[in-house]
Amino acid sequence: MNRLLLLSLSLAGIVAVLSPSTASAQRHADTILVGGKVWTGNPDQPEAQALAIADGKVAAVGSDAEVRRWAGPSTTVIALQGRRVVPGFNDAHVHFFDGGQGLASVQLRDASSPEIFRDRIGAYADTLEKGRWVLNGNWDHERWTPAELPTRQLIDAVTPDNPVFINRLDGHMALANTLALKLAGITRDTPDPPGGSIVRDASGEPTGVLKDAAMNAVYAVIPEADATEISDALHAAMRYANENGVTSVQDMSASPAILRAYQQLLADGELTVRVYGAQPLSRWERLADAGIAADFGGDMLRIGVLKGFADGSLGSTTALFFEPYLDEPGTSGLPSDEMVDAEAMLADMLGADAAGLQLAVHAIGDKANAAILDMFAEVARRNGPRDRRLRIEHAQHFRMSDIPRMHAQGVIASMQPYHAIDDGRWAEKRIGAERAKGTYAFRSLLDAGAVLAFGSDWYVAPMEPLLGIYGAVTRRTLDGAHPDGWVPEQKSGVADAVRAYPAGSAYAEGQEAVKGTLEPGKLADLMVLSQDIFAIDPATIDKVRVDTTILGGRVVYQRAAE
C-alpha cells in the first residue's frame, strides 16, 4: 500500500468522525450541493439531500441543514433543484487513445450497406494527403443485408493513393486495401500466423480482411503517432468522457508513449480523468524489473495491471468455444497468439503475479473463460494466497456451471453491458439459444456473489455509461427485436448496474478505499443527472443526460442550457 493511499485512509478516518458542526468550526467547504437526491453507494447512508466538498474530497453527506453548515463566504453553492447525484463513473475497460483518434477519423459504425461504407471511406480519403493512412472506422457488417464481410476490391477504387486499415467495431478483425496489404507484404503465399487468420477468396487470394494476430503485419508498417497526435486524441477522449460523467478510466492500451502523454497532461494540469494504465501481459518483466507492482502511482495516474488475451471476438468468429459456431461449423474460434502456447502464457502469469502485478485477461468464448479460470486457480495455488484482484475482461460467454467459480476464486467480471444489446441482434445465429443463456450473465453472476465492474470497451462501443446501464437493466437490443429483453432472466437491477460502474470498477483497480462511493474522506468525483434514474421507467434511462461532472471537487463538464 503506497503512502498516498495511507494518507487518504488516515484523512478518511479523521473526517468521518467529525460531525458537520464540529468540522465546520475547522474549515469551510469549497463547494456544497444542496436540494437534491444524492445516491451515495454507501449502504450505511444510501440516500442524502446534500453534499459538501473540501480540498477535492467529500467532507459531509447529509440533509440540507447539515451540509449548509459547511458554507462560508467563498463557498460555491450548487442548487440541485431535486436532481439526482451519483458517484462519477469509472469505466473499467477503454482504449482511450484509439477512441480519441477515432473521433477524428471516418465514421463507419452506422454504415448500413457496403455502398455507404465505400462512399464514406472514399470521401474521407479525399481529405487526406497522398500516403496518409485511413484508420479506425469501427464498421459492422452485421448491419448489412446480406451480412457479408467487405473486401479490398470494394474500396480500392476510392483509395488509390492511401493505405487503408479499418477495424471492425470489436477490434478483432480489420479490412486492408490492396495498397496496405502490399506495404505489409501479405500475399496469397503468406501463411496464417498462430492465433490469426487471413481471410481468402475461392482462388486463395487475400480478401483484405485479417483476423486477430494476422492484423499485426499491417500494424507493424503503420507509422507511429507523434506526440501532438497523441495529445490531441487524448484531449478529445477526455472531453467525451467528461460529457458522459466518466471521471476514471482503466486504459487497456496504455503504451509507454501514451503513458508519457498522460504524465505531460498531468504536469500541465490538463488531465480531467483519473487513469489506471494497463501494459501487455507479455511485457510484465519491464514493470517487475523496475520494481513496479499493482497500485503504483497517485490518485490521477496509476499503473500495475497487465492485459492478456485468451481469444478473439464473437463478431469475428474468433471467440473460443467448446462447440463449433452454428453459422461457421468449421470453427470453434481461435486461441489468441498468447494462448496458443498456454504453458508460456501461464509462466508469464505466474511471474507477473509473483511480482505483485495485477492480471486482467480478455476472454470471450465459454472455453476461453473456463481456461482462464483454470489458469487463475493455478496461479493462486502455486503463488499462495493474497488479495490479487484477478480480472476477466469481457467475461462474455459462460457455461452455466462455470459462473459460481468467479466468486469462489475471487475473480472480477469486468463486463461491458452495451455489448449485450448490440451483439444480441445476431448472436444466436452463431451460438444458438442454449449457449446464449450464459451470455452477458449479469444476474447469474450477481446471484453467485461475483463482483461486476462495468465499462464500455470504447472505441468498440460508446463510452456512455448511461447507455450501459440501460443495456444491463433492459437488455433491449438495438434493432428493437427484443422489447422485453434478450435473455431477460439475465437483466440487472438499476442499483446493481449503477454500482458496478463507480464502486465495482474502483474495486477492480484496488481503489475502493479512496473512490467509488460518496463518503466523507473519499475523492469528490460525482455527476448531476438530468433525471432520477432510480425513479423513471428503465426503458427511458438512455434518454437521461449528464448535466454536470465534477472531478476532485472541480467542475470538468457543464451541459449547456437548452
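Axes are lines fitted to C-alpha atoms, for helices over the stretch in contact, and angles run from 0 to 180 degrees between N-to-C directions. The model is predicted, with local features needing pLDDT of at least 70, side-chain atom pairs counting only at pLDDT 80 or more, and totals for chains, interfaces and linings using all residues. Residues are numbered from 1 along each chain as its sequence is written, and side-chain values use heavy atoms, without hydrogens and water.

**Exercise 1.** Determine how helix α18 and helix α19 pack.

Step 1. α18 (residues 465–474) and α19 (residues 494–508) pack at about 140°, and their axes are 9 Å apart.

Step 2. α18 is therefore oblique to α19, since angles under 35 degrees count as roughly parallel, over 145 as roughly antiparallel, 65 to 115 as roughly perpendicular and the rest as oblique.

Step 3. Contact means heavy atoms within 4.5 Å. From α18 the contact uses Pro465, Gly468, Ile469, Ala472 and Val473, and from α19 Val494, Ala497, Val498 and Tyr501.

**Exercise 2.** Find what the buried residues of α12 pack against.

Step 1. The buried residues of α12 are Met345, Leu346, Met349, Leu350, Gly351, Ala352 and Asp353.

Step 2. They pack against α11 (284–288), β17 (301–309), β18 (358–363) and α13 (366–383).

Note on methods:
Buried means under 20% relative accessible area, exposed over 50%, partly exposed in between (1.4 Å probe, protein chains only). Helices (H or I, at least four residues) and strands (E, at least two) are DSSP runs, numbered from the N terminus.
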